[in-house]
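This report examines charged side chains and their surroundings. Please consult the sequence and the structure shown below while reading.

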Amino acid sequence: MHLRLISWFFIILNFMEYIGSQNASRGRRQRRMHPNVSQGCQGGCATCSDYNGCLSCKPRLFFVLERIGMKQIGVCLSSCPSGYYGTRYPDINKCTKCKADCDTCFNKNFCTKCKSGFYLHLGKCLDSCPEGLEANNHTMECVSIVHCEASEWGPWSPCMKKGKTCGFKRGTETRVREILQHPSAKGNLCPPTSETRTCIVQRKKCSKGERGKKGRERKRKKLNKEERKDTSSDSKGLESSRESPEPRENRDRQQPKRKAQEKPQKSVSVSTVH
């Protein structure tokens with residue numbers, strides 16, 4: 001029993017030494033291929049170079065080349081930057097640049113956002129939209145043309161003339177409808193939302209509450225005139241009551257004199273007999 005355990009121990013130990021030797025030989029091969037490989041890599045790099053940055057990334061990270069001046073530096077990121085799409089391979093995960101007219105993309109054949117001057121349609125960037133579609137300059141996409149939609153007509157209003165429903169024989173009535181969907185730039189324009197037609201009613205006299213605007217205006221002017229008349233008469237009475245009694249007596253004394261002066265004088269004619 002003890003011999004069996006000892007034999008298993010030596011087998012496991014030899015297997016671990018074999019794995020260690022394989023990793024060491026792989027590291028030597030990489031150093032021969034990249035003589036400037038650094039052992040103290042940072043930022044998610046599995047292997048790196050002092051001059052070229054990351055050469056390979058840790059698992060689940062994406063490798064992308066960033067241009068700095070005239071040289072390219074390898075970096076490892078958790079997701080690809082804007083303008084790139086990620087592809088996973090067995091030995092490395094890479095970020096690949098989108099097409100020239102594409103700002104962001106899902107893969108090399110499907111764009112999700114176009115650059116300025118292009119419109120997105122079914123994953124492609126077009127300089128003009130196909131027939132039956134129109135360009136939306138806000139979202140920079142090709143969208144369907146939207147036509148105007150209106151509701152059904154409402155009921156006709158009462159027959160009226162100058163704001164009254166009585167005192168006439170011919171008037172007009174109106175009905176309206178609402179806009180349910182406004183059109184897009186190339187859509188059909190909306191129809192009128194109101195219409196008016198002539199109507200005929202049996203003529204009848206207006207009651208006091210239905211005299212209309214002109215009748216109310218005449219009534220208000222009449223009341224204002226009566227109020228001004230009452231106010232002026234009251235003010236005259238107050239002025240006469242405020243006068244002192246002496247001038248009134250003098251006026252009463254002078255009235256008979258004035259009457260006497262106003263009487264016509266009788267002319268006397270004298271005839272002389274020779």
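## A buried charge without a partner

In this predicted model, Glu-134 is buried yet forms no salt bridge. The nearest side chain of opposite charge belongs to Lys-186, 5.9 Å away, whereas a salt bridge requires the nitrogen and the carboxyl oxygen to be within 4 Å.

Glu-134 is located in strand 12, which covers residues 133-136. A polar atom of its side chain lies 2.9 Å from the backbone nitrogen of Lys-186. Leaving aside residues up to four places away in sequence, the residues that Glu-134 touches include Cys-129, Val-143, Ile-145, Ser-184 and Lys-186.

## Two salt bridges

The structure contains two salt bridges. One joins the side chains of Arg-197 and Glu-173, at 2.5 Å from N to O. Arg-197 belongs to strand 17 (residues 194-200) and Glu-173 to strand 15 (residues 170-176), so this pair ties together parts that are 24 residues apart in sequence. Arg-197 is partly exposed, with a relative accessible area of 40%, while Glu-173 is buried, at 12%.

The side chains of Glu-195 and Arg-175 also meet in a salt bridge, at 2.4 Å from N to O. This pair links distant parts of the chain, with Glu-195 in strand 17 and Arg-175 in strand 15, 20 residues apart. Glu-195 is partly exposed, with a relative accessible area of 28%; Arg-175 is partly exposed as well, at 21%.

## Charges over rings

The charged end of Arg-197 sits over the ring of Trp-156, 3.9 Å from its centre. Lys-71 lies over the face of Tyr-51, 4.6 Å from the ring centre.

Note on methods: Residues are numbered from 1 along each chain as its sequence is written. This is a predicted model: local features need pLDDT of at least 70, side-chain atom pairs count only at pLDDT 80 or more; totals for chains, interfaces and linings use all residues. Side-chain values use heavy atoms; hydrogens and water are left out. A charge sits over a ring if NZ of Lys or CZ of Arg is within 6 Å of the ring centre and within 35 degrees of the ring normal. Helices (H or I, at least four residues) and strands (E, at least two) are DSSP runs, numbered from the N terminus. Buried means under 20% relative accessible area, exposed over 50%, partly exposed in between (1.4 Å probe, protein chains only). Lys and Arg count as positive and Asp and Glu as negative; His and the chain ends are not counted. A polar contact is a pair of N or O atoms within 3.5 Å; within protein, one must be able to donate a hydrogen and the other to accept it, and residues adjacent in sequence count only if both atoms are side-chain atoms. Contact means heavy atoms within 4.5 Å.
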